[in-house]
Amino acid sequence: MAKYQVIAATGCPTGIAHTYMAQEALEEAAKKRGISIKVETHGQSGVEHAFTQTEIDQADGVIIAADKDVDIDRFDGKCLINVSVTKGMKEPDELLEKILNDDNVPVYHSSGSNQKTGSTETELTGTYWHKLYVYLMNGVSHMLPLVVAGGVLTAVSFFWGINSADPKSAEYNALAALLNTIGGFAMNLMVPVLCAYIAEAIGKRTGLVIGFVTGMIAYTNGTGFLGGILGGFLAGYVAVLLAKIFKSLPKSLDGLKSIFIFPVLGVLISGTIMWYMSVPMKDLNQGMMSFLKSMENSSPILLGLIVGIMCAADMGGPINKAAYLTGTALLAQGNYFFMAGVSAACIAPPLATGFAVLFNKKAYSAKERSAGYVNFLLGSTHITEGAIPFAAKNPLLNIPSFMVGSAIAATLSYVTRISVPAPHGGFIVLPLVNKPFLWVLWIVIGALVSGFLLSIIAGHQANNETVTATPAGNVTISKTESTTNTNKNNDLSEILNKNNIALNVQASTRDELLQYLADFSEKLGYTTDSKAVYKKYLAREAENSTGMEKGIAIPHAQDQSIKGSAMLIAKLAHPIAWKTFDNQPVDIVISFLIPNSDDGSNHLEYLSSTSKLLMHDEFVKALQKAQTKEEILQLFQK
């Protein structure tokens with residue numbers, strides 16, 4: 001069994017995107033540092049890549065990047081960092097550095113004493129507020145599938161008419177009534193499940209039992225999801241209190257405590273408190289719902305601005321979830337208008353990234369363009385998280401741009417009284433929307449506005465990293481970019497020399513050109529088997545075309561016959577057909593040869609350096625005009 005230096009657990013409330021983005025970020029950061037890591041994911045499909053006890057025992061440290069409960073007690077005695085899933089996505093290098101090289105990282109003890117003497121890093125084990133948020137999101141993550149299932153089934157029942165579940169109505173349909181009933185049961189479980197799993201995160205199994213009863217009382221007495229939240233924390237901490245009170249009982253009575261004493265006393269204490277708190281909680285819940293309903297009618301523009309800003313503020317984080325939870329709570333009470341604005345505001349940001357890429361392709365890398373195109377699909381299914389990488393690139397400007405588009409989409413939805421009876425699904429639930437085409441139009445308008453703003457910001461940012469051509473045809477890289485390249489130690493002159501450049505290459509097809517490159521690499525001594533290299537070229541093209549735009553392609557091959565990293569450049573006598581982003585033929589080919597000994601990090605750095613240069617029109621024009629090997633070589637040298 002492999003020994004891992006670091007083990008990490010990631011998880012987010014919905015388990016759709018953040019969980020796996022944090023996993024990938026940590027794995028990539030560890031790969032670059034040569035650190036062995038295993039990441040356990042807590043997604044909507046459950047726990048994947050679960051740790052064995054041996055793996056936990058052998059690990060040098062533990063990183064928890066999660067906004068839900070991940071059973072921390074099993075890491076007793078290990079150096080442990082506990083942060084939000086967002087930090088796992090954005091700060092993987094810093095987390096790995098701290099867990100391996102910072103002596104002040106605390107050792108976790110399940111008894112509660114989780115800090116080394118003299119440690120100054122208390123925030124790394126999870127601040128008090130972060131712990132509360134994790135407890136809350138544990139309830140939300142278990143509640144969401146119920147709300148989605150119940151909401152969609154209830155909404156489908158309306159196909160036969162808004163009163164199709166009422167036996168007294170002329171619209172009555174037996175199947176619709178069944179769907180409505182089943183959906184109603186699922187929706188009615190929202191408050192008890194929310195309450196129970198908040199309590200479970202705090203007080204484990206005892207908290208779960210107490211939480212279900214407390215949640216049922218909260219639901220029955222009409223306290224809404226606010227009562228479920230408060231009841232969850234109440235039940236959880238009652239369970240913790242009972243554990244402390246009866247701690248001194250003999251170990252032989254542990255079974256009696258868990259099956260009799262804790263459930264009976266816990267349900268009695270927590271249930272009684274919630275019973276008497278229900279009256280003010282019910283009034284508070286009804287007051288909030290009435291206020292929101294009044295805003296839908298009297299101030300739809302203001303409500304749209306608030307909802308749009310909240311949904312785009314942190315892309316699935318706590319602020320976004322506050323708006324979403326309010327929408328689901330209103331759905332359970334039969335209000336379908338509020339969710340229309342929430343859904344619109346959540347769908348607009350990822351769509352905006354796709355439009356931004358279309359508006360200004362030159363300002364984005366190939367990887368960013370691909371992500372933008374994929375976000376058209378993610379956004380259409382109500383997955384906002386695809387916009388996070390774009391927001392993180394320039395948060396001070398990009399996040400407000402997302403807010404503008406989301407606010408527009410939400411405001412127009414409220415002004416035109418659009419109703420969306422399903423809490424998730426995006427455009428998949430369009431048949432359930434009262435004004436589907438109008439709703440899509442408002443979302444697209446909001447996304448277009450955000451996309452236009454994003455494209456302008458990205459273009460301005462790219463111009464700040466200008467590459468300017470001198471009269472002699474040389475290219476001068478900006479000071480910032482030069483410094484970055486030096487820090488990464490990815491000097492292209494290490495893998496490119498004059499002999500690696502071929503001019504006026506005769507080739508009539510892509511495959512013929514790839515065969516030429518394979519033979520060229522063997523002639524130069526970079527490989528011992530040109531046939532193997534040619535096959536790897538073809539295999540890479542079969543996965544996804546390496547054609548870029550502006551007449552350039554970047555094919556690459558990795559094979560055991562390749563002795564060392566190399567960069568080849570071929571200028572063709574005549575353009576050839578190649579699948580590219582702009583559907584134009586290719587006349588310049590930049591190829592990379594990669595030995596099997598390269599774990600990918602060096603190759604990616606060389607490819608990154610080249611891609612950055614090719615983003616600048618001045619560089620590409622200079623490359624196209626270059627007539628000699630010396631001119632081309634000079635372009636790529638620092």
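Trainee: Where is Thr41 found, and is Thr41 buried or exposed?
Mentor: This is a predicted model. Thr41 is found in strand S2, residues 37–43. Buried means under 20% relative accessible area. Thr41 has 0% relative accessibility, so Thr41 counts as buried.

Trainee: Which residues does Thr41 touch, not counting residues up to four places away in sequence?
Mentor: Contact means heavy atoms within 4.5 Å. With residues up to four places away in sequence left out, Thr41 touches Thr10, Thr19, Tyr20, Gln23, Gly46, Val47, Glu48 and His49.

Trainee: Which helix gives the largest share of the nonpolar patch?
Mentor: The patch covers about 510 Å² and is made by Ile301, Leu302, Leu305, Ile306, Ile309 and Val415. Ile309 is placed in helix H10, and Ile309 counts as partly exposed at 40% relative accessibility. The largest share, 5 residues, comes from helix H10.

Trainee: In the salt bridge of Lys536 with Asp559, which residue counts as buried?
Mentor: The closest N and O atoms of Lys536 and Asp559 are 2.9 Å apart. Lys536 lies in helix H19 and Asp559 in strand S10. At 32% relative accessibility, Lys536 counts as partly exposed. At 8% relative accessibility, the residue that counts as buried is Asp559.

Note on methods. Residues are numbered from 1 along each chain as its sequence is written. This is a predicted model: local features need pLDDT of at least 70, side-chain atom pairs count only at pLDDT 80 or more; totals for chains, interfaces and linings use all residues. Side-chain values use heavy atoms; hydrogens and water are left out. Patches are made of residues with over 30% relative accessible area and no salt bridge: like charges are joined within 9 Å, nonpolar side chains (Val, Leu, Ile, Met, Phe, Trp, Tyr) within 5 Å. Accessible areas come from the Shrake-Rupley method with a 1.4 Å probe; for residues, only the protein chains shown count as cover. A salt bridge is a side-chain nitrogen of Lys or Arg within 4 Å of a carboxyl oxygen of Asp or Glu. Helices (H or I, at least four residues) and strands (E, at least two) are DSSP runs, numbered from the N terminus. Buried means under 20% relative accessible area, exposed over 50%, partly exposed in between (1.4 Å probe, protein chains only).
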